[in-house]
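Dear colleague,

Please find below the structure that I am handing over to you. My notes on what was found in it follow directly after.

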Amino acid sequence: MKPTGRLASALGGLGLVAGAFLIVASRQWLPTEAPSQSPSQNQENTQRVRGLHAQDMRPGQPARKIAEDLIAPPPLDASGIERVEPRRPLSELGLALPPKTLMPQDWHEALLFRPVATSSAVFESMGRAVVISGTIDIDPSKTCSFGDAVWPCGQRARAAFNGWLRGRALKCSLPPDFDRFAIAAPCTLGKQDVGAWLVSNGWALASPFGIYGKAEVTARAAGMGIFGPPQ
């Protein structure tokens, strides 16, 4: 064997011996398992963690004010403040449009059941109050005179209206927001116009802007209703 081969074999053997020595020595240097803690040490660690959380929960100290006279806004004098009108929009496109007003021809027809007259041309039905359009009602407290007789024509006109209705349903043209207030509306009972019946029988007056002017003239000439003798 050559000298170089012997030297390599010797160095290799020394390396194996050194490795085995390090493996045996490492058992003394490294712990084989984690050291166990006693119950008292575990309780102490738990109390320490709780103390840290409690310390975090405490409110912080207020920030220290630095150069308050330079950073804080100056006090305002309320007497020097004046309210001015808001600036008009730059364009009319952003303004809300006014609500569209529905005309009577756009109203819808509805049946009102069990109407009860409260005067000669006003009735209530289903919690709503309706005035027969084109008419002027006779107040129930009104009295009329015919010759030497004075009689409560207002009460008689209301009774005549109730007697004619007899609790039958009326069909009226009503706006969508009819529930909010009393409304003057045209109504029919079957195929008969309610306003025309009231005025032509003398139990209501014709409105100056309505369509029943001729019916009132006829009722006056014939002495019908409030224009005639006590009934």
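**Helix α4**

Helix α4 (residues 153-165) consists of 13 residues, and from its first C-alpha to its last it reaches 18 Å, close to the 18 Å expected at 1.5 Å a residue. Please keep in mind that this is a predicted model.

The residues of α4 that are buried are Cys153, Gly154, Ala157, Ala160, Phe161, Trp164 and Leu165. They lie on the same side of α4, because they cover an arc of only 130° around the axis. An α-helix has 3.6 residues a turn, so residues three or four places apart point the same way. Just after α4 comes arginine 166, which takes a positive phi of about 50°.

**The sheet**

The model also contains an open sheet of 4 strands, in the order β2-β3-β4-β9, with mixed pairing. Its edge strands are β2 (116-117) and β9 (183-185), each of which pairs on one side only.

Strands β3 (residues 122-125) and β4 (residues 128-132) run antiparallel and are joined by 4 bridges. Opposite arginine 128 in β4 stands serine 125.

**Confidence**

The average pLDDT of the protein is 78, and 59% of the residues score at least 70. Which elements have the lowest and the highest mean pLDDT? The lowest mean among the elements of the protein, 56, belongs to helix α2 (residues 39-57), and the highest, 96, to helix α5 (residues 194-200).

With kind regards

Methods:
Residues numbered from 1 in each chain as written. Predicted model: local features only at pLDDT ≥ 70, side-chain atom pairs only at ≥ 80, totals over all residues. Heavy atoms only, no water. Pairing = 2+ DSSP bridges. Helix = DSSP H or I, 4+ residues; strand = E, 2+ residues; numbered from the N terminus. pLDDT = per-residue confidence, 0-100. Expected span 1.5 Å × (residues − 1). Buried < 20%, exposed > 50% of the residue type's maximum accessible area, 1.4 Å probe, protein only. Arc of directions from axis to C-beta.
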